[in-house]
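Thank you all for making time this morning.

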Amino acid sequence: MVQVGTVKIATLNINNVNKRLDNLLVWLARTEPDVVCLQELKSERPTFPAAPLRALGYGAVWQGERSWNGVAVLARGCEPVLTRSSLPGNPEDSQARYIEAAVNGVLIASLYLPNGNPQPGPKFNYKMAWFERLIAHAAALMATGVPVVLAGDYNVVPTAQDIYQTRSLDDNALIHPESRTAFARLVTQGWTDALRRLQPEGPLWTFWDYKRDRWQSDKGMRLDHVLLSPEMSSRLIDGGVDRWVRGEENASDHAPAWVTLNW
């Protein structure tokens, strides 16, 4: 990662990093992001593919979990410095959903917020409790004044324009009013929803369900977000979604979202 020029930061729910390693390596080689936040590794710590990523020039820190969850931060040309491997607020929560690392003076967080379905119920309660912890930690990060990026799969569709036209998901935890309200509370701390700032209108799908030909019919939703602290927001120049990745053979059901910043 260079000190002067532009920096590209991306997030991708890989949906099993070892199963889709070839897809990941092709995307990294083609687009060369400087920092990558990965979610849903579905890999225990010893089985994370650090060696092939290093061969492509990426250092990594990661937190794994057998069969589920898992998060990582990759950095091109340098080693991320691990600063936190879990979200504070509940020492009994062992799910691998949050990791934080310093990369050339920027604090990068990769997060995988709980899905919360079915709701109501314990899974939705866990989602909202996790969200409250994230809001509290994000406020603490904001108060430090350091440059921060909170990127990942938030499992929240923020507004009606962030999902294809349907009423079939009205009871889904992804679009539940409590989920949307929590996301709005987070953003109003002073974070910038980078992709929506760049494209105020229209769809920005990052997820297409494997079921019911949702990809083929472009019935998607925006679940993956890049939130920037004020110092980072002032440097925002570009961003988008690499939709082509979702169309590849053996693809994740998510596509990478990315931003480019002056640095």
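Leaving aside neighbours within four places in sequence, which residues is Leu 24 in contact with? Contact here means heavy atoms within 4.5 Å, and on that basis Leu 24 is in contact with Leu 12, Ile 14, Val 17, Leu 38 and Leu 53. Before I go on, please keep in mind that this is a predicted model, in which local features need pLDDT of at least 70 and side-chain atom pairs count only at pLDDT 80 or more, while totals for chains, interfaces and linings use all residues. Residues are numbered from 1 along each chain as its sequence is written, and side-chain values use heavy atoms, with hydrogens and water left out.

Leu 24 is found in helix α1, residues 21-31, where helices (H or I, at least four residues) and strands (E, at least two) are DSSP runs numbered from the N terminus. With a relative accessible area of 0%, Leu 24 is buried; buried means under 20% relative accessible area, exposed over 50%, and partly exposed in between, using a 1.4 Å probe and protein chains only. Leu 12 and Leu 24 are twelve residues apart along the chain, and their C-alpha atoms are separated by 9.3 Å.

Both of these leucines also line the largest cavity, together with Ile 14, Asn 23, Trp 27, Val 245, Ala 251, Ser 252 and His 254. A cavity, on a 1 Å grid over the protein atoms alone, is a set of points where a 1.4 Å probe fits but cannot get out, and lining residues have an atom within 4 Å of a point. Grid points are joined across faces, edges and corners, and a volume is the space filled by probe spheres set on the points; for the largest cavity that volume is about 50 Å³. Helix α1 gives the largest share of this lining, three residues.

Next, the nonpolar cores, each being a set of buried Ala, Val, Leu, Ile, Met, Phe, Trp, Tyr and Cys residues joined through side-chain atoms within 4.5 Å. The largest has 41 residues, and among those that touch the most other members are Ile 9, Val 73 and Met 221. A second, separate core of 26 residues includes Leu 111, Leu 113, Phe 131 and Leu 227.

What about disulfides, that is, pairs of cysteine sulfur atoms within 2.5 Å? A search of the whole structure finds zero. The sulfur of Cys 37 has its closest cysteine sulfur in Cys 78, and because these lie 13 Å apart they are too far for a bond. Cys 37 itself counts as buried, at 0% relative accessibility.

Finally, the backbone. Most residues other than glycine have a negative phi, and most peptide bonds are trans. Against that background, a cis peptide bond joins Asn 117 and Pro 118, with omega about -5°, and the peptide bond from Gln 119 to Pro 120 is cis as well, with omega near 0°. Pro 118 lies in the loop between β7 (106-112) and α3 (122-144), and Pro 120 is also in the loop between β7 and α3.

Lys 42, although not a glycine, has a positive phi of about 50°; this residue sits in the loop between β2 (35-39) and α2 (50-55) and counts as partly exposed at 25% relative accessibility. Asn 155 likewise has a positive phi, near 50°, but counts as buried at 5% relative accessibility.

Note on methods
Disulfide = S-S within 2.5 Å. 1 Å grid on protein atoms, 1.4 Å probe; cavity = no way out; pocket = protein on both sides within 12 Å on 5 of 7 lines; lining within 4 Å.
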